[in-house]
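Please keep the sequence and the coordinates at hand while reading.

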Amino acid sequence: MALSHQLKKTKGPTLLSSRRLTKFLAPLDARSTCEEDGEEDMDIDGSNNSDGQEETDPPYQGLQAMSLAATEVDSTQPYAMFIKKLSIFALERFRATINRSIVRLEKERPTFISTSMSASRTMYQVLHHSGKPAQFSADYGPHLATLWTAVNYQRERFTFHEVQIAMLKSEHMLAITAAWTWLDVDIPSMLYWLLQYPEKAKEQTAWLKSLLKDVQAQLLLPQERRQPLQSSKYLVLQENKEYTIKYNNHLPLQRNGSSMHDLLVKFTREALLLWLKFPSGQGQLQAGFIRTLLQHFHNPDVLLLPGMHDVFCRVRGSLLPASAVRGSRLGLNSLDDFSKYLSTQPLATPESPESAVMKNISERLEVFRTQWRQLEGGGHILPAHVRGSDHFMEALQAAADKLTGYLQELLPLLTPPLPAQLSPLQHKVRGNPDFLLPFRQHAPEAQNAFSNKGMLHPTRVNEPGAIASLWLLRGIFYRTRFSSEHPDSLFFHNYNHWQETYKRICADPQIAAFNQDKDRYFCNARAYGQATTRSTENAEAYFEGEPAWLEMFKSKEPGWCMPYIEAYRFTQRVQRGRKILPQLGPLTGMLIAADLVYAGKVAMPSAEEMGEMVYLLDRGASACLRFFHLLDRSSDKESVISVFTSLYNKVYSSFTEAERSTMTFDPIMFEHSLCKYQRCVES
């Protein structure tokens, strides 16, 4: 029976009235939030720092004075208040709240671990018996004795959920931006390219080429003879939709000229706008706002700053003059003045103190995310079955059966011809193999790297620039238009070679227009799922770091292979407080080490060694093992290695030698498949 219903039925004195109970159980995002001005310094969970502990953050007086001087803005500008959110004082304040949260989470870690399974139960018992005769029994007192630990645990959860709400809002903004960017930037760019080079169309853009051809055929007809275009011919949607071109003006005389191309792109975009149910309103302007922020600040974490989502939701009233807001049609050029003004702000300059603070905020946010993953896994806490018990062995076999069935279903994708009718899973994976295919060595980007023109081909892997080119691929280009459209141009002998290629490709006006937003032609912030900061500016550091790698092989015998864990640790090296290979995080470092195994430069890890990597990274593979209840957040390294090895052996024995050879089954591929299983099955 629901708790609120239980309390309403109570006839005795009730601790919480219905109205107070509703307030007590209200969603976190309904609580009042802390504003920049006129409020006392609040923690990220909404509480002030009144626990009597020494403050660990620097005083604000000097920073506030700096902020007041630095944020003198013209009050006539409609975005004057927005600029205040980017001041050094606002950034320092946000960093301080994150730092306090990190300190508290680390301090309370033992409490988290010991109370995570009982905190909610304790609080429920206290609420459940409140206002009932049972609250006077001797059993009620012990619940109160343990309540305070549970309350502290829940209070720290508020901290996490405040950050989670900010992240959800950030994802909300980025999702809308991605959709409108696809329609307003990516699709027009691809359409112009198809009009210019129709013979270069690939299988994945065949539908777009067909739509473009039909739009052109209909446009050339008189208005009364035009037939509606049917969405079902090009896209698989829940319902078929029609679009009829409405255009009565004279067509350009030059049927293949730029004016005609503009019309074709315009009407193709209109059809997609209708068919894909893009909403009316300010979505296009909101997307332009986010693209402008990322273009100037180059860091998606800026969207987590307090107040950003509010500006996003009211972008017209927040950033545009009243005359523009009253207009019925606002284009992206409405943000031109805002963009110019934003480019003059300190946060748009990489060397400014504001940029340094923002960079540190990103680093501290990652520490906070990692802390919480270690404590709670970012969500539900699921206890693992006791290793060796009957329940554990049943769960282990069930996991092996599911993984075996998953791999068997996808194996036909490696052995043409393809089935006449693809299953939903096969269709999904085939549509995005670099992101979803569990057989890592058979994904297109991996095959390009090992082709005779790739940096990892046996005849090229020892050449100058090969290792740096691998770091470029994994750290910058992976799953981008550049790597897809230029698979034979990913090997650079030196930094100058890369610069020449970059300038040559950007000389194309269509690519230059597409690329102006955060180097999107060359960088994919979500190449591995979670958003990261990627930049072509890191290329020089990769070439500078290559000699240190080569030096490790100089004194070794020919054919020597570096141990896997040593190769991984090299990618994470720090020198003078900075990583020698910037933006190559733990996950990317593991992928690079695996690439070099197949290139013959690193030793193939055993199942036990790979299990140790799963423990060290604590990412997709360990999340999958927790999903099967084989591990939980308290599992130690020995448990992770044992579970990974046991499951690997069971799945290994489920396939024939020929099947294992086809899929390149080994400990690396198995760890890879655990990550993909979570991504394309259980999600």
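In which loop is Pro417 found? Pro417 belongs to the loop between α17 (390-410) and α18 (424-431), where helices (H or I, at least four residues) and strands (E, at least two) are DSSP runs, numbered from the N terminus. The peptide bond that leads from Pro416 to Pro417 is cis, with omega near 0 degrees.

The model is a predicted one, in which local features need pLDDT of at least 70 and side-chain atom pairs count only at pLDDT 80 or more, while totals for chains, interfaces and linings use all residues. Residues are numbered from 1 along each chain as its sequence is written, and side-chain values use heavy atoms, with hydrogens and water left out.

**Backbone and loops**

Most residues other than glycine have a negative phi, and most peptide bonds are trans.

Within helix α29 itself (residues 620-627), the buried residues are Ala621, Ser622, Cys624, Leu625 and Arg626.

Another loop residue, His298, is located between α11 (283-297) and α12 (308-313), and its relative accessibility of 42% makes it partly exposed. His298 and Ser535 are separated by 237 residues in sequence, yet their C-alpha atoms are 8.5 Å apart in space.

**Helix faces and packing**

Helix α9 (residues 206-219) has 14 residues and spans 20 Å from its first C-alpha to its last, close to the 20 Å expected at 1.5 Å a residue, the expected span being 1.5 Å times one less than the number of residues. Its buried residues are Leu208, Leu211, Leu212, Asp214, Val215, Gln218 and Leu219. Because these residues cover an arc of only 165 degrees around the axis, they lie on the same side of α9; the arc is that of the directions from the helix axis to the C-beta atoms. An α-helix has 3.6 residues a turn, so residues three or four places apart point the same way.

In helix α15 (residues 336-343), Phe338, Ser339 and Leu342 are buried. They cover an arc of only 100 degrees and are therefore on the same side of α15, whereas Asp337 and Lys340, on the other side, are exposed.

The axes of helix α25 (residues 539-554) and helix α26 (residues 564-571) come within 11 Å and cross at roughly 160 degrees, the axes being lines fitted to C-alpha atoms, for helices over the stretch in contact, with angles running from 0 to 180 degrees between N-to-C directions. The two helices, α25 and α26, are therefore roughly antiparallel to each other, a term used for angles over 145 degrees.

**Cysteines**

With a disulfide taken as a pair of cysteine sulfur atoms within 2.5 Å, the count comes to zero disulfides. Cys675 is in no disulfide, since the nearest cysteine sulfur, that of Cys624, is 8.0 Å away. Cys675 counts as buried at 19% relative accessibility, whereas Cys313 is partly exposed, with a relative accessible area of 32%.

Terms used:
Buried means under 20% relative accessible area, exposed over 50%, partly exposed in between (1.4 Å probe, protein chains only). Angles under 35 degrees count as roughly parallel, over 145 as roughly antiparallel, 65 to 115 as roughly perpendicular and the rest as oblique.
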